[in-house]
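Please look over the fold below. A short report follows.

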Amino acid sequence: MAARRAAGLLPLLLSSPSGARIPLRRALSLVPSLRSYRLLSHPARSFSTSPFSASASASNGAAAETERTRELHLYNTKSRKKEHFRPRAPDGEVGMYVCGVTPYDDSHIGHARAYVAFDVLYRYLRYLAYEVRYVRNFTDIDDKIIARANQLGEDPFSLSKRFSDDFLSDMANLQCLPPSVEPRVSDHIDQIINMIKQILDNNCAYVVGGDVYFSVDNFPEYGELSGRKLDDNRAGERVAVDERKRNPADFALWKAAKDGEPWWDSPWGPGRPGWHIECSAMSAHYLGLSFDIHGGGEDLIFPHHENEIAQSRAACCDSSINYWIHNGFVNVNSQKMSKSLGNFVTIRKVIEMYHPLALRMFLLGTHYRSPINYTIEQLNVASDRLYYTYQVVQLLVAIIVSPRLLGAHLRISQVIMLLKEGRSPTLGCHV
Ligand SMILES: [Zn+2]
């Protein structure tokens with residue numbers, strides 16, 4: 001049973017950083033050479049870890065994969081129901097855009113949850129033999145980055161680069177495959193300015209001084225994703241309310257430069273993009289105005305994704321995204337995680353003490369749309385499960401690599417029992 005359970009995990013756990021699925025035998029043969037980690041729940045034991053390897057060979061099962069029935073149902077936030085996934089181009093690439101981080105501090109377990117969830121979706125789509133173009137951005141210029149850089153006396157781009165690199169290292173530790181493209185806002189100012197021009201041309205935005213605002217009153221579909229009515233909207237959640245707005249729910253597409261802030265030239269004077277426009281512009285640039293999947297945490301449904309839809313459709317009425325996918329919140333000890341409550345848990349803090357895959361196992365132990373409650377006890381449970389899974393993997397290695405060592409008189413169930421007791425049936429010593 002345990003071996004069957006372990007084998008069931010293998011399609012998700014065993015693949016190379018390039019995403020190529022590798023033959024079981026090859027994957028298992030990697031296990032004994034892996035690094036050791038100490039787990040809090042098993043302080044006296046070393047722990048052999050990830051079978052992921054950059055040297056893993058490419059998949060040899062392509063023919064078999066093409067015969068697989070590509071059944072996938074996804075809950076679509078927009079329709080509020082599960083839908084059979086059908087890509088726009090059945091024989092082409094699946095386009096998937098997931099909102100990335102604003103790198104002004106260490107990434108937290110809420111980020112880990114989102115990107116592990118979409119990593120599983122990315123892997124699963126590839127497992128179903130789809131070609132996937134996965135885009136995940138960096139918001140490398142933003143109010144929070146500027147404020148933190150000023151606080152530390154650091155250049156904003158140097159600060160965002162530093163935390164972007166740390167984020168990528170966290171993602172590698174969590175065995176998240178790198179996306180196909182990881183665009184940064186500062187490299188796409190031209191695309192952003194062009195999209196704002198289109199929105200202005202279509203009479204869905206207005207200029208006030210050096211600022212440009214989106215006019216929600218001129219976009220009747222506003223609120224369709226989140227189900228909010230305009231009267232319910234609370235403006236100024238991310239920035240202070242600007243009294244020059246025609247409607248308090250209008251949001252900035254372009255912000256006039258302030259002293260000491262980075263800026264770019266534009267038709268409206270020097271300034272920088274508002275937060276939401278970057279994702280509309282970069283997703284259109286890399287995936288086209290219409291694509292398959294757009295994802296992120298459920299806190300992004302409003303206002304960020306609602307605003308993205310409005311901008312993209314105001315720029316081009318043919319724009320459409322088929323599936324809007326959102327993951328649930330992470331609570332810490334049953335409280336909302338926030339800096340003000342002092343319960344902010346970073347990925348780095350967790351993987352100082354636990355194997356990164358224990359965190360991944362914990363995050364995947366709850367359905368991706370449900371809230372997940374982070375506690376040390378639950379992390380210990382995930383760590384234990386991972387530990388025993390790898391014990392079984394090591395057993396399978398022993399069976400495949402040196403079947404004679406097992407001894408003909410032992411059944412698999414007996415071997416697993418010995419492993420659970422901490423004794424190796426193959427070597428006659430403690431594992
Ligand atoms: Zn976004």
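What percentage of the 431 residues of the protein chain count as buried? The share is 41%. The model is predicted. The protein chain holds 14 helices and 15 strands. Among its contacts with a separation of 6 or more, 73% link residues 24 or more positions apart.

**Core**

The largest nonpolar core has 94 residues. Ile 196, Ile 199, Ala 205, Phe 214, Leu 253 and Ala 358 touch the most other members. Helix H4 (residues 109-127) supplies the largest share of this core, 10 residues. In soluble globular proteins, nonpolar side chains tend to be buried together.

**Sheet**

Four strands form an open sheet in the order S6-S5-S11-S12. Their pairing is parallel. Strands S6 and S12 are the edges, and each pairs on one side only. From one strand to the next, the twist averages 25 degrees. Strand S5 runs parallel to strand S11, and three bridges join the two. Within this pair, Val 98 stands opposite Gly 295 of S11. Helix H8 (residues 277-287) lies across S5, S6 and S11. The helix runs at about 155 degrees to S6.

| S6 | 131-136 |
| S12 | 320-327 |

**Helix pair H5 and H6**

How do helix H5 (residues 143-152) and helix H6 (residues 156-173) pack, and at what angle? The angle is about 105 degrees, and the axes are 9 Å apart. Angles of 65 to 115 degrees count as roughly perpendicular, so H5 is roughly perpendicular to H6. On the H5 side, the contact is made by Ile 145, Ile 146, Arg 148, Ala 149 and Leu 152. H6 contributes Pro 156, Leu 159 and Ser 160. By class, the contact has six nonpolar, one polar and one charged residues.

**Glu 261**

Glu 261 sits in the loop between strand S9 (251-256) and strand S10 (271-273). Glu 261 and Ala 147 are 114 residues apart in sequence, yet their C-alpha atoms are 9.7 Å apart in space.

Technical notes: Residues numbered from 1 in each chain as written. Predicted model: local features only at pLDDT ≥ 70, side-chain atom pairs only at ≥ 80, totals over all residues. Pairing = 2+ DSSP bridges. Axes fitted to C-alpha atoms, helices over the stretch in contact; angles between N-to-C directions. Contact = placed C-beta atoms within 7 Å. Buried ≥ 20, exposed ≤ 12 C-beta atoms within 10 Å, placed from the backbone. Core = buried A, V, L, I, M, F, W, Y, C linked by C-beta atoms within 7 Å. Parallel < 35°, antiparallel > 145°, perpendicular 65-115°, else oblique. Nonpolar A, V, L, I, M, F, W, Y, C, P; charged D, E, K, R; others polar.
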